[in-house]
Amino acid sequence: MNAPVPLPRAEAASIAVVDTAVRTTCPYCGVGCGVLASPDGAGGAGIAGDPEHPANRGRLCSKGSALGETVGLSTRLLAPMMRIDGALTRASWDAALGAIADAFRATVAAHGPDSVALYLSGQLLTEDYYAANKLAKGFLGTANVDTNSRLCMASSVAGHKRAFGSDTVPGVYADLDEADLVVLVGSNAAWCHPVLFRRLEAARARRGTKLVVIDPRRTATAEEAELFLPVAPGMDSVLFAGLLVHLAEADGLAPDYIRAHTSGFDAALAGARALAPDLATVALRTGVPAADIARFYALFAASERVVTCYSQGVNQSAQGTDKVGAIINCHLATGRIGRPGMGPFSLTGQPNAMGGREVGGLANQLAAHMGFSAAEVDRVRRFWGAPNMATREGLKAVDMMRAVAEGRIKALWVLGTNPAVSLPRADAVREALSRLDFLAISDNVRASDTLACRPHVLLPALAWGEKDGTVTNSERRISRQRAFLDPPGEAQPDWWAMAQVGRRLGYGAAFGWRSVAEVFREHAALSGFENEGSRDFDIGGLAGLDDDAFDVMTPQQWPVREPGEAGDKRFFAEGGFFTPDRRARFIVPAPPAPAARTDAAFPLRLNTGRIRDQWHTMTRTGLSPRLAGHLPAPFAEMHPADAQALGIASGDLVRLASSHGAVVLEARITDGQRRGEVFAPIHWSGANAAEARVNALVEGATDPFSGQPESKATPVRAERVTMRFRGFLLARTSLAPPVAAWWTRVAVEGGEGWLIADDDGPLAWRERMAALFGGCERSEFLDVDGGIYRGAAYDTEGRLEALLSVGPVEDAPDWTAVKGLLTAGGLGAAERRAALAGRMAGAAAACGPLVCSCFGVPLDPIRALVEAEPGADVARIGAVLKAGTNCGSCVPELKRLIAGMAVPA
Ligand SMILES: Nc1nc2c(c(=O)[nH]1)N[C@H]1C(S)=C(S)[C@@H](COP(=O)(O)OP(=O)(O)OC[C@H]3O[C@@H](n4cnc5c(=O)[nH]c(N)nc54)[C@H](O)[C@@H]3O)O[C@H]1N2
Ligand SMILES: Nc1nc2c(c(=O)[nH]1)N[C@H]1C(S)=C(S)[C@@H](COP(=O)(O)OP(=O)(O)OC[C@H]3O[C@@H](n4cnc5c(=O)[nH]c(N)nc54)[C@H](O)[C@@H]3O)O[C@H]1N2
Ligand code: SF4
Ligand SMILES: [Mo]
């Protein structure tokens, strides 16, 4: 029997590119895709991939495709604010900037330069970052400038510097096209670097590239792999030490390369032998079956063209720098570095993680890839004409927050990040920020968990689509972000705000920039200043771009030592490292041990990370109903055996607690999770869920080299939370939380959705509905014995204003059929009855959870198609329903569906 296949919303992603499109770069992940944005004249924009951008050649992922839905102004901060008599009050830019300058000047005068700090973000543009770094390290006289990149890439930076003498990514994306083997370590690229992953998938289809995935969880990425190694948390360096031993024993080394270009090999091999003497030991310590490890080692040894990509499963670890070193060791030992199709490859997270590193946005770097040696400090001092050069490293993020808590840092300026959500021990961070003598925040939005920390000054920053400057992606490619929308309200670029503070501190000459192009030219000139090939980062060849040339600058891969240099640029094929002897250094990884042990009180290990369709703390992706459809509520993934032992079933609420805090999440039971481990996403904050900030739990022990906190291995306990009633609320207008004991706020078309749980029963909900929507015409259904309450409120035109449905937890109401009703017109009697019953017929009905965000294709029609045509493959689904044909982010899910495996519940 042929099941009916409802039509998907096909118009969503097929916006034509018009001649007036502006070329810019996606503000999300480090792939750095080119975007064509066509403003619609009403504050929105059509979005398409830029076919000419070398990173993506026209492709975008689900988040990139939905950018047009996130540029609205409803949540934006549009004017400066100051705390006056305890209340945030609208202020002039002049007053707000003056307050920051006064506070920083007075604090430095009273307590010394290290009593002030800047906390930045890989989402700032390079020019913003450059201005911040110059202001602090040259003029305020402190290196207390750190960034959320400390939570993200710091271990890669430290690992690069340890091995190469410089923070250099040796390879380019094209290496993924040309590799025979790609190893992904601690990277869920199918969800986190989707366009790069599609590019890899294309290469696999074309030339049979093998894929090995190393991750404790069987992720969407792992589902695609030839070989998946479910490594025990933190044990990657044992796996790679074992690989080095295997290469040595299987005649897989490159003795010529080792001899000519490296040092320390013998010690590294001895260290590896101590850590991983034989396969059985590696299997024991990593928890991976010996046969699979052997297959991996044999594949690596046999494939000349190997790229090993790594991301947060490697970096966010108390031994992250060692993990990076253990990986790089294997590439140095085989000479597989810097040649087409080979090399270690750190996948960066944020759009401008790399740009931040280039300007020295980290507390332990100076500027332009220079450090704090006397010669480097002097060089930068002369270039800047700086009166107050910082001469030593500043405090790294976790230490910086400790200094804030202990009152050593008294004035802090936070730009472009949400530390009350994203830093470990987030409850303590929130407390500490709230007690600062002076806190200034520059942000795009007017409400977030950090903005709730009693700031003294708020500055409205231009957002993506309005701001202008450059970002650098994972392959060292510098692209322009360009404005295509008018600056809203009084928002200003971050670099401008920092320059204004510099001027108010009396440094007008150093901060006299009139345009972003001037900042870029200065940054480029510093990179080339007294460089002569001694530093990897050199874009001196771009320092002469005039304003027009900067406006039309095409994506450039660094180094650009001379004007006009082009082509794919790799490092280190012929050595030439940036160590004093120009040789790479092998490292000896320390025996890995989890920073914190599980015990009887906290027997499980909490792993944290990302989901496909949300970005960080959701201040932008959270605005898109399309993106919310995939995984709408905060969840914890558990192994069936752990869940069973705790009496937890799929969909139950579960409380996770550590010694620092607690969260309450929805349980998802999956055997893709290792036993004894729990995974929870990082995206939910106090602004969009009752109790789901996973960093409230995280201890954040730091790596000794990089200072990066361990974010993926926190001991926790889990217990089932019993709330008797579950349900949802849909509302056309925005309501203030909390609307229930447990809640999640979700973007839906035409308003807001709330997923709720409570011990209060139907009568209490009836009262709440009356209190919230008493002024509206209402219809309701009440069954006190059955534990059911449903209420609908209508406006004067008969349009749905709100719909509340609560039932007993065993039989909780589902909103999929009625979620679209907030955009419907006036409802007739039959439709109202159906809405109240949670049943909508025909095309208006949504059909299960969203699978393909780009074309809005839910689960049911896909399932129906596969049932109707048992042979249907991904291509067939794409041909009929369009699902998977735009960004491809959902292709792993489609495959899983076809294979009859688990799909989003
Ligand atoms: N959709 C989406 N994409 C994003 C982002 C986003 O918020 N949403 N953020 C961007 C940013 S800033 C970043 S940094 C990147 C991060 O990109 P990824 O690093 O790919 O993402 P994560 O989910 O943080 O972590 C990756 C994997 O590490 C695994 N892992 C945990 N512990 C270990 C371990 O000990 N060893 C190994 N081998 N693996 C381990 C986790 O199970 C997880 O699957 O994503 C970028 N892209
Ligand atoms: N447990 C755990 N914790 C983690 C991670 C993890 O995997 N596990 N991952 C870590 C990583 S890798 C990262 S990158 C961080 C991310 O964590 P955050 O940086 O805290 O997260 P975002 O939500 O991106 O916060 C960005 C803020 O800056 C604002 N903003 C955006 N653009 C601009 C701009 O141009 N100017 C200004 N002034 N403001 C702007 C946004 O509105 C938002 O409020 O989280 C880290 N924390
Ligand atoms: S892969 Fe997606 S999120 Fe990353 S840059 Fe490209 S479109 Fe943006
Ligand atoms: Mo990140």
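The model is predicted: local features need pLDDT of at least 70 and side-chain atom pairs pLDDT 80 or more, while totals for chains, interfaces and linings use all residues. Residues are numbered from 1 along each chain as written, chains are lettered from A and ligands numbered from 1 in written order, and side-chain values use heavy atoms, without hydrogens or water.

**Ligand 1**

Let's start with the shell: 35 residues surround ligand 1, and the closest are Asp 215, Gly 234, Asp 236, Arg 610 and Gln 614 (a residue counts if one of its heavy atoms lies within 4 Å). Domain 2 (154-346) and domain 3 (604-721) both give residues to this shell, so ligand 1 lies between them; the domain bounds come from an automatic or database assignment. Helix 6 (189-192), helix 14 (312-315) and strand 21 (604-609) each supply at least two shell residues.

Here are some polar contacts, meaning pairs of N or O atoms within 3.5 Å:

| Residue | Its N or O atom | Ligand 1 atom | Distance |
|---|---|---|---|
| Trp 191 | backbone | nitrogen | 3.2 Å |
| Lys 323 | side chain | oxygen | 3.2 Å |
| Lys 712 | side chain | oxygen | 2.9 Å |

The protein covers 99% of the 910 Å² of accessible area that ligand 1 has on its own (Shrake-Rupley method, 1.4 Å probe).

**The sheet**

Three strands form an open antiparallel sheet in the order 1-2-3. Strands are DSSP runs of E with at least two residues, helices runs of H or I with at least four, and two strands pair if DSSP finds at least two bridges. Strand 1 (22-25) and strand 3 (45-49) are the edges, each pairing on one side only. Strand 2 (residues 34-39) pairs with strand 3 over five bridges, and Ser 38 stands opposite Gly 46 in strand 3.

Methods. A polar contact is a pair of N or O atoms within 3.5 Å; within protein, one must be able to donate a hydrogen and the other to accept it, and residues adjacent in sequence count only if both atoms are side-chain atoms.
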